[in-house]
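This report describes selected local features of one protein model. Please consult the sequence and the structure below while reading.

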Amino acid sequence: MTSMAATLFSMLSHLASWELGVGVSIISAIQFYLKTRPLAIPSTIPGPKRYPYIGYLLHALRYWHVWPTETTRLAKLYKRTWGGPLPNLGGLPGGYFYIHDEVNIKYILSTNFDNYVKGSIW
């Protein structure tokens, strides 16, 4: 055993098992947050009410059964691109943007198509 490992073992052996458990739990919680936190979407982008860490996930879950209708309603309400952060869980990318303006849609899908990252389907 190297001297550094021996020193670490000596320090940890004086801790009670619950202290060690609390330390491991805190480190695990911090790692979970860092891997799943939402993207930093500027607050200038309009969208449903945002909450710390979960973003607008509550809104999306509440209207999931009518999500296409809800996105259309919000597009009419904001009259521009809207979106917000979501936790990076279960395939959610950490945030979404919904583009409302026809000019922007045409720009992304035809005029400047090659400059946007696409999945394997494209």
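## Helix α4

Helix α4 (residues 67–78) has 12 residues and, at 1.5 Å a residue, should span 16 Å; its end C-alpha atoms are 16 Å apart, which agrees. The expected span is 1.5 Å times one less than the number of residues. Helices (H or I, at least four residues) and strands (E, at least two) are DSSP runs, numbered from the N terminus.

The buried residues of α4 are Trp67, Glu70, Thr71, Leu74 and Ala75. They cover an arc of only 140° around the axis, so they lie on the same side of α4; the arc is that of the directions from the helix axis to the C-beta atoms. Pro68, Thr69 and Lys76 are exposed on the other side of α4. Buried means under 20% relative accessible area, exposed over 50%, and partly exposed in between (1.4 Å probe, protein chains only). The cover over the buried residues of α4 includes α3 (57–62), β1 (82–85) and β2 (95–98). Just after α4, Lys79 has a positive phi of about 55°.

## Basis of the model

The model is predicted: local features need pLDDT of at least 70, side-chain atom pairs count only at pLDDT 80 or more, and totals for chains, interfaces and linings use all residues. Residues are numbered from 1 along each chain as its sequence is written, and side-chain values use heavy atoms, with hydrogens and water left out.

## Nonpolar core

Tyr56, Ala60, Trp67, Leu74, Ala75, Trp82 and Leu86 form the largest nonpolar core, which has seven residues. With three residues, α4 gives the most to this core. The term denotes a set of buried Ala, Val, Leu, Ile, Met, Phe, Trp, Tyr and Cys residues joined through side-chain atoms within 4.5 Å.

Leu74 touches Pro48, His59 and Trp82, not counting residues up to four places away in sequence. Contact means heavy atoms within 4.5 Å.

## Gly55

Gly55 is found in the loop between α2 and α3. Its relative accessible area is 1%, so Gly55 is buried. With residues up to four places away in sequence not counted, Gly55 touches Lys49, Arg50 and Pro85. Gly55 and Leu86 lie 31 residues apart in sequence, but 4.8 Å apart in space, C-alpha to C-alpha.

## Thr36

Thr36 belongs to helix α2 (residues 17–36) and counts as buried because its relative accessibility is 6%. The side chain of Thr36 reaches the backbone oxygen of Phe32 at 2.8 Å. The side chains of Thr36 and Tyr53 are joined by a polar contact of 2.5 Å. A polar contact is a pair of N or O atoms within 3.5 Å; within protein, one must be able to donate a hydrogen and the other to accept it, and residues adjacent in sequence count only if both atoms are side-chain atoms.
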